[in-house]
Amino acid sequence: MAKINQNYSKLPKTYLFSEIAKRSKAFADKNPGVELLKLGIGNTTLPLTATAIEGLSRGVQKLADVKTYSGYGDEQGSTSLRETIVGWYENQGIEFDASEIFISDGAKSDSANITSIFSDDCVVAITDPVYPVYHDSNILAGRKFVLMDCLEENGFIPKVPEGKVDVIFLCSPNNPTGAVATKAQLKEFVDYALVNKAVIIFDGAYSEYISDSELPKSIYEIPDAKACAIEIQSLSKMAGFTGVRLGWTVVPKDLVAEGTENGDVNGLWNRRQTTMFNGASNIVQEGGIAVLSEQGQKEAAELIAYYMENARTIKKAVSDLGLTVFGGDNAPYIWVKCPGSLTSWEFFDKLLEDCHVISTPGSGFGSKGEGYVRLSAFGQKENIEKAVKSIKNHLKI
Ligand SMILES: *Cc1c(COP(=O)(O)O)cnc(C)c1O
């Protein structure tokens, strides 16, 4: 008889977003005609820019002609996109060879799949609160965890683990807290990893939301990070590719794990991808080349500026009410401390009932998220302004 993977029963219930939907619906049913104002979702809402559309169209057009048609491409991604990404890093003063870049259909799947190249008895460090996939993918592999608390006292950037761990997940700018690690803070992790022969999986999906030039956009801005860090990137939040699907993972040749030589880990990921993945869509990869062009990046910056204007609007309004707020300066998330001694769900209910605003309870991202809610700037300006006005006029604290 087929036996199922019992680790699935150890996954936390996917309670957060279904519970939000349930409570929102119950409120809407009781209050017909009331408009719900969404500050909950971490999903993009603006259309793709002209250059992205041109790139995608070019990808479609190539398929219409026998001279330019292509079928399966390289599992690692098209050479021209990988070289474009090398150029994108070069502009930040970071050098790679195209063979160190692997194109994917997004960061979420890569951040789960990458752990398959490590032994199941590795101990994994994740933050609390956390982007759930880092936790859940390792639960499925049966791995043990160390939690790194992200608290107000440490500005929501954790200290390095006290004991020895093998794999460390970091996400900066952070979802859900909106916190961004400084170079000094990332250096502590790199130093820890080098001493303990640990590997850092660095999720940089929100790097382009950083406007403070002192803050690092890539872990590779830290000297020697190539020896211990894998970086995962995505066009989802950079260019509105949430539905289009494109990302990449950098596995430097210098990266070593226990008992491996330079290039071995890169070779393992290459083997994993060529075995289990048949490449990202050729159409979408054309779109990616366009997004990463000079003009594409200029337009992406405009999209990001629009969302960050929303973030400022939300942050200002909520702090003007006297609430304690974090994030929202170099990240599209605002992390709001619940007033009084309200729990995340109590404040969620209050925002819903008093203001008709939907938030995301921080406790859904881990126990240290309790006492916070996350507000997202990924809405249309008019809706954000409505939500903020409603909070200002109706929140009773
Ligand atoms: C949205 C998001 C991503 C992007 O994932 P894709 O699969 O590329 O869409 C990655 N990491 C974090 C933390 C995110 O919030």
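**Ligand contacts, sheets and helix packing in a predicted model**

A polar side-chain atom of Lys237 lies 3.5 Å from an oxygen atom of the ligand, a polar contact being a pair of N or O atoms within 3.5 Å; within protein, one must be able to donate a hydrogen and the other to accept it, and residues adjacent in sequence count only if both atoms are side-chain atoms. The model is predicted, with local features requiring pLDDT of at least 70 and side-chain atom pairs counted only at pLDDT 80 or more, whereas totals for chains, interfaces and linings use all residues. Residues are numbered from 1 along each chain as its sequence is written, and side-chain values use heavy atoms, with hydrogens and water left out.

Around the ligand there are 14 residues, of which Asp203, Tyr206, Ser234, Ser236 and Lys237 come nearest; a residue is near a molecule or strand if one of its heavy atoms lies within 4 Å of it. The side chain of Asn175 places an N or O atom 2.8 Å from a ligand oxygen atom. For Ala107, a backbone N or O atom is 2.7 Å from an oxygen atom of the ligand.

Pro173 is found in the loop between β5 (167–171) and α6 (183–196), and Pro176 lies in the loop between β5 and α6. Helices (H or I, at least four residues) and strands (E, at least two) are DSSP runs, numbered from the N terminus. In the loop between β4 and β5, Phe156 has a positive phi of about 65 degrees although it is not a glycine.

Seven strands form an open sheet with mixed pairing, in the order β2-β8-β7-β6-β5-β3-β4; two strands pair if DSSP finds at least two bridges between them. Its edges are β2 (101–104) and β4 (144–149), each of which pairs on one side only. On average, neighbouring strands of this sheet are turned by 20 degrees against each other, direction ignored. β2 runs antiparallel to β8 (residues 247–250), to which four bridges join it, and Ile101 stands opposite Val250 in β8.

A second open sheet has four strands in the order β9-β10-β13-β12, with antiparallel pairing. Because β9 (325–327) and β12 (360–361) each have a single partner strand, one side of each is left without a neighbour in the sheet. Five bridges connect β10 (residues 333–337) and β13 (residues 372–376) in the antiparallel sense, with Trp335 opposite Arg374 in β13. Helix α10 lies across β9, β10 and β13 and runs at about 160 degrees to β9. Axes are lines fitted to C-alpha atoms, for helices over the stretch in contact, and angles run from 0 to 180 degrees between N-to-C directions.

The axes of α10 (residues 294–320) and α12 (residues 381–394) come within 10 Å and cross at roughly 5 degrees. The two helices are therefore roughly parallel; angles under 35 degrees count as roughly parallel, over 145 as roughly antiparallel, 65 to 115 as roughly perpendicular and the rest as oblique. Contact (heavy atoms within 4.5 Å) involves Tyr306, Asn310, Thr313, Ile314 and Ala317 of α10 with Lys381, Glu382, Ile384, Val388 and Lys392 of α12. Helix α11 (residues 344–355) packs against α12 at an angle of about 90 degrees, with the axes 9 Å apart.
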